[in-house]
Structures are given as C-alpha cells and as structure tokens.
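We'll hop from stop to stop, and at each one you'll pick something and look around.

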Amino acid sequence: MSSAAAPAPVGIIGGTGLTTLSGLEITGERDVQTPWGEPSSALVEGRLGDQPVIFLSRHGNPHRIPPHQVNYRANLWALEKAGVRTVVGVNAVGGIHPAMGPAHIVIPEQIIDYTWGRGSTFFEGELDGVTHIDFTFPYTESARAVVIGAARDLGLSFSDFGVYGATQGPRLETAAEIVRMERDGCDLVGMTGMPEAALAAELRLNYVCLGLVVNWAAGKSDHIITMDEIEAAIDQGMSGVKRILEESISGLGALSPQPA
Ligand code: HPA
C-alpha cells in the first residue's frame with residue numbers, strides 16, 4: 001500500500017516583532033550548520049493547522065542580529081535543505097506611500113535594492129560557470145495571490161502592491177533619502193528584504209513578503225521616528241499578520257515548487 005508523500009513544510013522567516021510564532025504547534029527544534037555558516041536561529045518545526053511549518057527568526061531569538069549582519073545565505077540554505085519549497089518573509093517596514101501608515105499590511109510586488117556588502121549570492125567561489133538568475137518579478141506571483149486572498153477573506157485593510165526599497169541600516173534614513181527613494185518609485189522602506197528575496201530566487205524557492213508598516217518613513221510625519229511608535233504599531237498590526245499566516249498557510253503549502 002502506498003501512502004501520500006508528506007507535504008513540504010512552508011518556511012516562515014519572522015522579523016522584528018515576530019521572533020516566535022504563537023499558534024505554532026511545535027514538534028521539534030534543530031540547530032543546523034550550512035556551508036555558509038550558522039542561520040540566525042534554530043529551525044523551529046511545527047504545524048499551523050494541518051500544514052507543516054519551519055519557523056526561523058531572522059534577527060535571532062532573542063532579537064540580537066542587526067539587518068546588515070543577518071546571515072541571509074545560511075537562513076535560506078537551511079530552509080531549502082530542510083525541504084521547504086515556499087518561504088514567507090515577514091518584514092517590519094516604514095511607509096512612504098500615503099496609504100501605507102503604521103499598522104498597515106503590505107504584500108509588495110517589486111524591490112529596489114540599496115543594500116551593500118552583504119553576502120548576496122550563492123554563485124561565488126569555485127564555480128563551473130557564471131549564472132545570472134532572472135529577477136524581473138522578485139516575488140512569486142502564485143504565493144502573493146494566496147497571501148492576498150487570505151488578507152481579503154479576513155477583511156483586513158492591506159495593500160496588494162508596492163515597491164520595497166531595501167536599505168542597509170541599521171540606522172534609519174534621512175528625510176532626503178526618503179524623498180529620493182520616493183522619486184525612485186519606492187512605497188516602503190525596510191532593511192531586510194534583500195538579499196533574502198534574491199537568494200530565495202537563486203534556490204528556486206517560492207517567496208512572498210508580508211510587510212507590516214511600523215512607522216511613517218523619515219520626513220513623512222511631523223515627528224522623528226521613535227521606538228515607542230514602532231512598538232505600538234507592532235502591537236496593533238502583528239495580530240493581522242499572524243491571522244494572514246494562519247489563513248494562507250495551507251494554500252502556500254499546496255503551491256507547485258519552482259521548476260528546477
Ligand atoms: N526604514 C528602514 N527600515 C525600517 C523602517 C524604516 O523607516 N521601519 C522599519 N524598518
């Protein structure tokens with residue numbers, strides 16, 4: 001008698017405000033090593049409803065690794081080796097677009113990368129040839145559709161568009177930098193969207209960003225950005241993010257893997 005293959009786990013990379021995932025029925029926890037070094041945290045294995053999930057805390061648990069020092073390569077490599085074929089990256093972001101104020105949820109569709117000096121490709125070292133992956137659409141459209149459908153079904157206020165500007169950090173931006181980014185076409189600003197999305201693409205993983213706006217970007221409100229404001233927006237908005245994860249997880253688990 002043959003039994004159906006176990007479904008592939010969905011990877012969730014939690015960012016600021018999502019160091020652990022309540023609601024995850026934890027079945028195991030594994031410290032792993034990769035050829036690229038150690039991931040930010042243990043891989044926490046569990047189930048969200050019936051869907052196997054592997055949760056990884058991007059900044060470590062407790063939160064201690066700044067955005068420019070996250071080992072993005074180890075994180076993505078570890079998830080792929082654990083059998084993950086679809087990854088949701090949860091990111092705290094600043095809002096530039098007028099509709100994207102604190103506690104708003106965004107499922108962006110494009111990226112502009114302003115980061116530098118990060119380990120941003122698996123294609124380096126001793127190689128047989130040079131590889132240039134296509135990155136025209138940095139997020140997987142089928143994964144975006146599942147997450148957008150879940151947000152809509154839940155009746156949450158969210159945006160299904162937007163260009164994510166990935167900055168180096170860890171400092172926040174100047175007001176002039178945000179004006180420039182807006183001119184470039186950015187709707188959101190965050191420090192962790194890249195190289196995560198590109199590395200996922202190199203590994204041929206489905207990848208979608210679930211962004212929670214935690215502050216107006218620099219110069220977009222009448223005050224400077226404070227940690228109190230950021231924490232208040234996380235308190236207000238993270239429950240919606242978790243509800244979207246719960247609602248979308250089985251759909252994400254059912255997505256076809258990217259062709260090899
Ligand atoms: N800028 C960059 N990254 C961020 C911000 C911001 O305003 N808010 C949360 N992450």
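Select Glu80 and Lys81 and show their side chains: a polar contact of 3.3 Å joins the two. A polar contact here is a pair of N or O atoms within 3.5 Å; within protein, one must be able to donate a hydrogen and the other to accept it, and residues adjacent in sequence count only if both atoms are side-chain atoms. Glu80 sits in helix α1, residues 72-81. Helices (H or I, at least four residues) and strands (E, at least two) are DSSP runs, numbered from the N terminus. Is Glu80 buried or exposed? Glu80 is buried, at a relative accessible area of 18%. The cut-offs: buried means under 20% relative accessible area, exposed over 50%, and partly exposed in between, with a 1.4 Å probe and protein chains only.

A quick note before moving on. This is a predicted model, where local features need pLDDT of at least 70 and side-chain atom pairs count only at pLDDT 80 or more, while totals for chains, interfaces and linings use all residues. Residues are numbered from 1 along each chain as its sequence is written, and side-chain values use heavy atoms, with hydrogens and water left out.

**Stop two: the ligand**

- Glu173 has a polar side-chain atom 2.7 Å from a ligand nitrogen.
- Asn215 puts an N or O atom of its side chain 2.7 Å from a nitrogen of the ligand.
- Ala92 uses its backbone instead: a polar atom there is 3.4 Å from a ligand nitrogen.

How much of the ligand does the protein cover? On its own the ligand has 260 Å² of accessible area, and the protein covers 93% of that. These areas come from the Shrake-Rupley method with a 1.4 Å probe.

**Stop three: two cis peptide bonds**

Select Gly169 and Pro170. The peptide bond joining them is cis, with omega about 0°. Pro170 belongs to the loop between β9 (163-166) and α3 (175-184). Then jump to Met194 and Pro195, where the peptide bond is also cis, with omega near 10°. Pro195 is in the loop between β10 and α4 (196-202).

**Stop four: positive phi**

Pick Ala103. Its phi is positive, about 80°, although Ala103 is not a glycine. Look for it in the loop between β5 and β6 (105-106), where Ala103 counts as buried at 17% relative accessibility. Now pick Arg204, another residue other than glycine with a positive phi, near 60°. Arg204 lies in the loop between α4 and β11 and counts as partly exposed, at 38% relative accessibility.

**Stop five: strands and a helix**

Go to Ser57 in strand β4, residues 51-57. Ser57 is buried, with a relative accessible area of 3%. A polar atom of its side chain lies 2.8 Å from the backbone oxygen of Gly60.

Over in strand β2 (residues 25-30) you'll find Arg30, partly exposed at 36% relative accessibility. Draw a line from Arg30 to Val44: they are 14 residues apart along the chain, with 6.6 Å between their C-alpha atoms.

Finish in helix α5 (residues 227-253) with Gly240. Gly240 is buried, at 8% relative accessible area. How far is Gly240 from Leu212, C-alpha to C-alpha? They are 9.1 Å apart in space and 28 residues apart in sequence.
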